[in-house]
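Have the sequence and the model beside you as you read along.

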Amino acid sequence: MQVDEEAVGAVLNRLRRAQGQLAGVIAMIEAGRDCKDVVTQLAAVSRALDRAGFKIVASGMRQCMAAADEEAAPMSEAELEKLFLALA
């Protein structure tokens with residue numbers, strides 16, 4: 001299965017956000033910024049990556065559920081993502 005077209009944009013946005021935030025973390029470390037600031041920014045990178053990963057998982061799960069039972073309405077990607085984020 002592939003990331004469906006509806007999810008691709010959100011996944012790419014989240015990965016690009018993480019990429020920019022990671023560049024910021026590197027710059028902060030190189031500049032000798034305070035450890036607390038670096039950790040805070042690194043946590044933001046982690047959240048962006050987690051959200052991208054959950055979006056990918058939700059996309060796959062949605063496809064699986066839709067294929068398994070086409071008569072019933074499958075859970076939406078937003079509902080699945082919310083469930084996965086609740087586990088984090």
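First, a term I need: a residue is buried under 20% relative accessible area, exposed over 50% and partly exposed in between, with a 1.4 Å probe and protein chains only. By that rule, 25% of the 88 residues of the protein chain count as buried.

I noted that this is a predicted model, where local features need pLDDT of at least 70 and side-chain atom pairs count only at pLDDT 80 or more, while totals for chains, interfaces and linings use all residues. Residues are numbered from 1 along each chain as its sequence is written, and side-chain values use heavy atoms, leaving out hydrogens and water.

Next I looked up the elements, which are DSSP runs numbered from the N terminus (helices: H or I, at least four residues; strands: E, at least two). I found three helices and zero strands in the protein chain.

Beyond its neighbours within four places in sequence, Ala48 touches Arg14, Ala18 and Gln21.

Is Asp4 buried or exposed? Asp4 is buried, at a relative accessible area of 14%. Leaving aside neighbours within four places in sequence, Asp4 is in contact with Ser59, Arg62, Gln63 and Glu77.

Technical notes. Contact = heavy atoms within 4.5 Å.
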